[in-house]
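Subject: Structure handover

Dear colleague,

Please find below the structure I promised to pass on to you, together with its sequence.

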Amino acid sequence: ASDSAKVTLIEYGDFQCPACATYFPLVKQLFEEFGKDLRIVHRFFPLTNIHKNAMLAAQTAYAAGLQNKFWEMHDKLYETQADWADTSPKDTFIGYAKTLKLDLNKFKTDLDADSTKQFINNEKDKAISIGVNSTPTFFVNSTHIKNPASFDEFKKIIQDALVK
């Protein structure tokens, strides 16, 4: 993502949400297609009442982000969702951190830090305050969009936003 991006796509996501995992390759494809014209922003929205590992997964991505590996961990969590959704995944997540060559001591400290949980909860509270109540929820240049039914539909929304 670059500062020259004409369009910003914000996704409120939950790493344990199956629908988010379904949209994940489409969003990745959009990024590849539009390159520097599209900035993609992830906002944490763990649905902790229905997904027992959503918060820990969010903490994992955030902690990875503190070592500049947010997107790598983001992708890994979605790609492997089925592997960890019904487990106690903390060791698995630490394993991912190792794979991404993160400083493990720092990662473990950041993973459990109150500041990490606070950041995620603050993002979630902000999202709720603007009416977000499910995942994934997408905004294109701060306009809420209905979840597209296909990649082509998604692509058209971005293209339309580019010419505005």
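To start with a term you will need: rings of Phe, Tyr and Trp (its six-membered ring) form an aromatic pair if their centres lie within 6.5 Å, and the pair is called stacked if the planes are under 30 degrees apart, edge-to-face if they are over 60, and tilted for the rest. A search of the whole structure on that basis finds 13 aromatic pairs. Please keep in mind that this is a predicted model, in which local features need pLDDT of at least 70 and side-chain atom pairs count only at pLDDT 80 or more, while totals for chains, interfaces and linings use all residues. Residues are numbered from 1 along each chain as its sequence is written, and side-chain values use heavy atoms, with hydrogens and water left out.

**Aromatic pairs**

One of the pairs is formed by Phe 15 and Tyr 78, which are tilted, with 5.0 Å centre to centre and 45° between the planes. Because Phe 15 lies in the loop between β1 (7–13) and α1 (18–34) and Tyr 78 in helix α3 (residues 70–79), the pair ties together parts that are 63 residues apart in sequence; helices (H or I, at least four residues) and strands (E, at least two) are DSSP runs, numbered from the N terminus. Phe 15 is buried, with a relative accessible area of 1%, and Tyr 78 is buried at 5%, where buried means under 20% relative accessible area, exposed means over 50%, and partly exposed is in between (1.4 Å probe, protein chains only).

Phe 44 and Tyr 62 form an edge-to-face pair, 6.3 Å centre to centre and with 65° between the planes. This pair links distant parts of the chain, 18 residues apart, with Phe 44 in strand β2 (residues 38–44) and Tyr 62 in helix α2 (residues 54–65). Phe 44 counts as buried at 4% relative accessibility, as does Tyr 62 at 19%. Together with Phe 70, Trp 71 and Phe 119, Phe 44 and Tyr 62 form one aromatic cluster.

**Nonpolar core**

A nonpolar core is a set of buried Ala, Val, Leu, Ile, Met, Phe, Trp, Tyr and Cys residues joined through side-chain atoms within 4.5 Å. Which of the 28 residues in the largest nonpolar core touch the most other members? They are Phe 15, Phe 44, Met 73, Leu 77 and Phe 107. The elements that give two or more residues to this core are α1, α2, α3, α5 (90–99) and α6 (104–112), and its largest share, 8 residues, comes from α2.

**Backbone details**

The peptide bond from Thr 135 to Pro 136 is cis, with omega near -10°, and Pro 136 is found in the loop between α7 (114–129) and β3 (137–140). Asn 141, although it is not a glycine, has a positive phi of about 45°, and Asn 141 lies in the loop between β3 and β4 (143–145). Ser 142, which is not a glycine either, has a positive phi of about 65° and lies in the loop between β3 and β4. Are these two residues exposed or partly exposed? Asn 141 counts as partly exposed at 32% relative accessibility, whereas Ser 142 counts as exposed at 64%.

With best wishes
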